[in-house]
Amino acid sequence: MIKGKVWKYGDNINTDVIFPGRYLALTDPDEMAKHAMEDLDADFVSKVQEGDIVVAGRFFGCGSSREQAVTCLKYAGVSAIVAKSFARLFFRNAVNLGMPVVQLPDTDKIENGHELEIDLKSGELKIVDTDKLLHFKPLPEFILRIIEDGGLIPNLKKRLDL
Amino acid sequence: MGKTIAEKILLKASGEADVELGDIVEAKVDLAMSHDNAALVSKHFKTIGVERVWNPERIVILLDHRVPANSVQTATGHKAIRGFVSEQNLPNFYDMNAGICHQILPEKGHVRPGELIVGTDSHTTTHGAFGAFAIAIGATEMSTVWATGSLWLKVPETIRIEVSGSLPAHVYAKDVILNIIGTLGSDYADYKAVEFYGDTVSEFSIASRMVVSNQAMEMGSKAAIIPPDEKTTDYVGSRTSLPFTPVFADQDAEYLDTEVFDVSALEPQIACPHSPSNVKNISEVAGTPVDQAFLGSCTNGRLEDLKVTVNILKGKKIASSTRMIVIPASWEIYSEAMHKGYLKVFLDSGAIIVNPGCGPCLGAHEGILADGEKAISSSNRNFRGRMGSTESEVYLSSPAVVAASALRGEITDPRTIE
Ligand code: SF4
């Protein structure tokens with residue numbers, strides 16, 4: 001079960017504002033985390049707490065193939081991302097880095113500051129503040145396993161017995 | 001039921017007896033490309049615990065995003081990449097004197113119709129112009145491809161786009177694809193493959209087809225495929241001696257959607273800030289002052305783009321209120337531009353010529369915009385802050401519009417320049 005407080009954003013949040021190109025030379029994830037969402041919400045990094053959840057509208061993470069857009073959020077403490085839809089590359093990168101992603105058509109019911117409880121397996125998302133239960137289609141078993149293992153590399157190591 | 005090109009290439013790559021839409025398959029990769037982010041990929045690779053990459057011949061690494069290095073951090077990344085390349089004995093490494101990844105791959109004969117290509121760059125869709133299924137992946141995923149030669153892929157639905165009509169003067173492939181994206185929207189093809197058909201596309205040169213497949217990423221396309229024809233096989237055949245088998249869609253292939261465009265009356269198109277899908281006719285934005293004009297990138301830095309620009313700039317001077325930056329997409333193009341006398345035209349007009357690479361396109365290296373500045377650019381993406389300050393603005397257009405705008409210092413319809 002994932003629990004956390006919501007930071008809510010709009011539609012078409014692209015990877016250039018999540019992790020600006022000028023920081024692409026960074027390779028230390030903790031350094032990357034210091035710039036999470038910098039060009040969208042400069043205060044994000046100072047506000048976000050371990051376990052918080054990012055909620056957004058349509059086409060979250062569109063743009064570049066840079067997985068740093070996932071890494072910076074993960075190391076800033078974000079425990080899951082909920083959006084109406086995700087850009088394909090961001091979605092793959094999230095799964096492959098072990099970041100839970102939830103595709104939910106009615107994110108409009110969720111407000112900034114709400115507390116959420118998410119069960120990835122059953123496909124249930126509870127807004128604690130309003131006691132409302134929303135449903136989403138759980139990810140295929142195969143993909144859930146990658147997320148559970150903590151990402152593609154731990155998953156591959158398990159498969160290769162390394 | 002017949003199959004689309006994407007389905008057929010994935011069927012072959014999966015080694016399965018059959019695949020269906022939505023299936024997740026383990027697909028074998030024909031080619032794996034990384035650029036400066038190979039530093040990150042190799043860092044991940046080392047954590048897997050596999051000693052050697054799966055097949056050195058099938059990996060291409062090149063440096064293009066920040067060349068020559070602009071900081072100690074970048075230089076350290078480049079150095080790590082060179083170290084990894086020699087450790088693993090990778091034959092297909094191109095250092096900073098080659099060009100932009102999406103130009104270098106076909107130019108050096110690494111792209112073949114019918115193949116599965118993965119790259120750690122979103123515009124890897126470019127290679128769909130050669131009838132390949134070419135998609136972008138992240139760095140972590142690439143490290144596992146280096147280790148195993150395969151990855152999980154979902155068999156996508158395919159959209160068919162038909163473009164017909166001959167283009168009016170001063171209207172180009174860039175205008176066509178911007179018009180398509182403006183009409184269909186930035187997430188129209190998210191998770192979907194797109195196939196392009198029609199007489200306009202058949203008439204396009206290889207370079208123009210690459211513009212279409214490159215820019216098509218900006219409507220979310222997973223892959224942007226142009227069925228191969230004689231032009232394709234001639235080009236590919238002149239660049240590689242390895243055999244290849246073009247793949248075509250079946251007559252009865254099933255498409256999610258078919259969109260038809262007639263471009264015979266199209267005017268030059270501009271993608272306005274801050275989205276490549278915020279597309280307007282040039283008449284709506286002409287007169288907007290620009291501080292910088294950028295000709296280059298993997299979208300429009302090829303010889304035919306330089307030629308169009310040179311024809312407009314010849315014997316004229318760039319406006320004193322504007323700076324123009326020209327970046328040939330590769331050293332081969334750079335060298336041809338020199339032989340053809342294009343470079344002299346650029347210099348005489350007052351443009352700055354920069355070594356092949358991504359340059360200002362991603363706002364990480366050079367040609368950065370200040371607060372309040374505006375640029376007209378032949379590149380493919382104009383998100384907020386993309387070329388520098390988050391308070392700057394980028395307008396995307398064809399090279400012809402870039403050149404005309406550089407002359408007047410404001411967004412200018414090339415049809416108004418005699
Ligand atoms: S030129 Fe621009 S879009 Fe093309 S690969 Fe380089 S940064 Fe990406």
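1. Start with Gln103(B). Setting aside neighbours within four places in sequence, Gln103(B) is in contact with Met210(B), Arg302(B), Ala329(B), Ser330(B) and Ile333(B). Contact here means heavy atoms within 4.5 Å. The side chains of Gln103(B) and Arg302(B) are joined by a polar contact of 2.7 Å. A polar contact is a pair of N or O atoms within 3.5 Å; within protein, one must be able to donate a hydrogen and the other to accept it, and residues adjacent in sequence count only if both atoms are side-chain atoms. Gln103(B) sits in helix H4 (residues 101-107) of chain B. Helices (H or I, at least four residues) and strands (E, at least two) are DSSP runs, numbered from the N terminus. Gln103(B) is buried, at a relative accessible area of 5%. Buried means under 20% relative accessible area, exposed over 50%, and partly exposed in between (1.4 Å probe, protein chains only).

2. A word on the basis. This is a predicted model: local features need pLDDT of at least 70, side-chain atom pairs count only at pLDDT 80 or more, and totals for chains, interfaces and linings use all residues. Residues are numbered from 1 along each chain as its sequence is written, chains are lettered from A and ligands numbered from 1 in the order in which they are written, and side-chain values use heavy atoms, with hydrogens and water left out.

3. Next, the cores. A nonpolar core is a set of buried Ala, Val, Leu, Ile, Met, Phe, Trp, Tyr and Cys residues joined through side-chain atoms within 4.5 Å. The largest has 116 residues, of which Phe44(A), Phe60(A) and Leu73(A) touch the most other members. Helix H15 (residues 399-408) of chain B gives the most to this core, with seven residues. Domain 1 (5-260) and domain 2 (269-416) of chain B each supply at least three residues to this core; the domain bounds come from an automatic or database domain assignment. A second, separate core holds 48 residues, including Ala27(B), Ala32(B), Phe45(B) and Ile81(B).

4. Look at Phe60(A). Not counting residues up to four places away in sequence, the residues that Phe60(A) touches include Ile13(A), Met37(A), Leu73(A), Phe86(A) and Phe90(A).

5. On cysteines: the whole structure has zero disulfides over all chains. A disulfide is scored as a pair of cysteine sulfur atoms within 2.5 Å. Cys72(A) is in none, and the nearest cysteine sulfur, that of Cys62(A), is 14 Å away. Cys72(A) is buried at 0% relative accessibility. Cys298(B) is also buried, at 8%.

6. Now the charges. There are 27 salt bridges over all chains. A salt bridge is a side-chain nitrogen of Lys or Arg within 4 Å of a carboxyl oxygen of Asp or Glu. Asp41(A) pairs with Lys47(A), their closest N and O atoms 2.9 Å apart. Asp41(A) is buried at 12%, while Lys47(A) is partly exposed at 30%.

7. Asp108(A) forms a salt bridge with Lys84(A), at 3.0 Å between the closest N and O atoms. Asp108(A) lies in the loop between strand E4 (101-103) and strand E5 (115-119) of chain A, and Lys84(A) in the loop between strand E3 (80-83) and helix H5 (88-96), so the pair ties together parts 24 residues apart in sequence. Asp108(A) is exposed at 56%; Lys84(A) is partly exposed at 23%.

8. Lys344(B) bridges to Asp348(B), with the closest N and O atoms 2.7 Å apart. Both lie in helix H14 (residues 342-349) of chain B, four residues apart, about one turn of the helix. Lastly, a network of salt bridges links Asp16(A), Arg66(A) and Arg386(B).
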